[in-house]
Amino acid sequence: MEFSIKNVFSAELPADPNRNNTRRQVMESCFSYVSPRIPGQPSLVHASDEMAKALGLSEQDIASPEFLKVFSGASLLDGSDPYAMCYGGHQFGQWAGQLGDGRAINLGEVEHDGKRWTLQLKGSGETPYSRSADGLAVLRSSVREHLCSEAMYHLGVPTTRSLSLCLSGDEVLRDMLYNGNAAYEKGAIVCRVAPGFIRFGSFQIFASRGDKERLKQLSDFTIKHYFPEVKSTGTQSYLDFFNEVLNRTLNMVIEWERVGFVHGVMNTDNMSILGLTIDYGPYGWLEGFDPGWTPNTTDAQAKRYRFGNQAPVALWNLYQLANTLFILVEDAKPFEEALERFKKDYAEQKFAMMRSKLGLALEFEDDPVLIDRLEQVLQLTETDMTIFYRALAGVEKERDAGAALTVIKQAFYIPEELDGEIHEQWTEWLEQYITRLGREDLSDQERASEMNLVNPKYVLRNYMAQLAIDAADSGDYGLIDDLYQLLKQPYAEQIEKEKWFAKRPDWARHRVGCSMLSCSS
Ligand code: AMP
Ligand code: MG
């Protein structure tokens, strides 16, 4: 394995001088040096060949003993001086103080094809930021992170990636439902990959401590390495930086809405400054379209992180970042203007995104009404979001609403409910949609091809990940690779894999891991 490790982050930013791995408040530092824990009996469960290729690694590299050693934390690459990052965050709206990488350890950066990537092991033991937890991760949550990161990438959603999934060979004690039933589970380690892992909370921690010098250092570093579009200097550069973070964050949320993804824990420590989806925990995919749905059991009451609240929460998080960067700018007005812009930009971008999902290339005045109305009819009876939009591409503009209803019928969970008033409302919407299609220049076929590029056929449905976990738990990794391969081409027809283009099976409706997920991981 030919890999040359660079240490850009750790060379340019202030390090914690204490190299002891003791839990503590770490002041005036962006990170602490710490070594990954040696796994008891590591084994490779799965690797992403696409991610490997992007790093310049071959199939032979993946199969080599060295790959397993390095990405399970058993041995270090030459030049690697691993470290855990310091950050804070607002959790569920409350300032939580120092959090940091409690179980993530950066190995360093590598460059390939003109791109620089940071490699990070998740689940490889305690760090100074572990607080009262063990620094480990279990197989179930690691399968979910590995598969979903790669699936999101292939969907075209900004995301951190995953190179590999290893078993540590050690057991990890977890109380999965936080109900006093702790049990041993298999320990696992994912190697996450991203240009960088800096979070909103990485800046917040310094602001909370009044450490302006470190805040400036980290901001300058982030702009220099990750925001080439920021051309200004001095105070203006922090404002341009903030505006760009806002743009990227907004784009990420719009993309989540497009594919039906619910992050589940949008705390400010889980917000990448690069606008990447990060920290795959109790996330979920919409099955029945429901803006009020959250997969996270910890959030079942307040539903702060429900599907339909992701844009407002992103904005709330951006307010917290603005409060932080204000220290460098000392003028609130330009931040207020930027934050004010968010709502307007969101509305515009959501409108464009929804038109693309509906196959509307042209723009007409009453389109917003058609779109709003659709979000209502989709909730009249449980309607599978993915199947609905995919089937909608089959509606023909020369035929009537009855024919269209037959085309989309497969998306309804209880087709019998499509009666009376509900039937009427659907018919009415489809009539409006067909009339609207009549004003488009594209043929049905051309429109369908366009729609099928934005409406995925295959997503990582909650129950699919759970099936892969169940199999993996008993030592069969075949389904992990099947799903990984399927989700490499989420927009393509894959006739032999059609069984995954189906509504959630009944057994999965209330099963833990399929419809309910805790933060335990
Ligand atoms: P999360 O909810 O996964 O975003 O984690 C919130 C904070 O808790 C972060 O600082 C994590 O690094 C830390 N954390 C989560 N799980 C563990 C664990 N098993 N051991 C140590 N720290 C953890
Ligand atoms: Mg986190």
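Is N270 buried or exposed? N270 is buried, at a relative accessible area of 11%. Buried means under 20% relative accessible area, exposed over 50%, and partly exposed in between, with a 1.4 Å probe and protein chains only.

This is a predicted model, where local features need pLDDT of at least 70, side-chain atom pairs count only at pLDDT 80 or more, and totals for chains, interfaces and linings use all residues. Residues are numbered from 1 along each chain as its sequence is written, chains are lettered from A and ligands numbered from 1 in the order in which they are written, and side-chain values use heavy atoms, with hydrogens and water left out.

**View 1. The magnesium site.** N270 (OD1) and D279 (OD) coordinate the magnesium ion (ligand 2), at 1.9 to 2.1 Å. Donors are N, O and S atoms within 2.8 Å of the metal (3.2 Å for Na, K and Ca); water is not among the atoms, so sites may look incomplete. D279 also counts as buried, at 14% relative accessibility.

**View 2. Helix α6.** Helix α6 spans residues 200–208. Helices (H or I, at least four residues) and strands (E, at least two) are DSSP runs, numbered from the N terminus. Of its 9 residues, 8 are buried, so α6 is largely enclosed by the rest of the structure. The buried residues are F200, G201, S202, F203, Q204, I205, F206 and A207. They pack against β4 (88–91), β5 (94–98), α7 (212–226), α8 (234–259) and α9 (310–329). Contact here means heavy atoms within 4.5 Å. G210 follows α6, with a positive phi near 65 degrees.

**View 3. Helix α4.** In α4 (residues 65–72), the buried residues include F67 and F71. V70 and S72 are buried too. The packing partners of the buried residues are β2 (43–47), α3 (59–63), β6 (104–112), β7 (115–122), β9 and β10.

**View 4. The largest pocket.** The largest pocket holds about 1,000 Å³ of space. A pocket is an open set of points on a 1 Å grid over the protein atoms alone, where a 1.4 Å probe fits, with protein on both sides within 12 Å along at least five of seven lines; lining residues have an atom within 4 Å of a point. The lining has 41 residues, and Q91, R103, R131, C519 and S521 lie nearest the centre. Domain 1 (4–200) and domain 2 (212–356) both give residues to the lining, so the pocket lies between them. Domain bounds come from an automatic or database domain assignment.

Methods:
Points joined across faces, edges and corners; volume = space filled by probe spheres on them.
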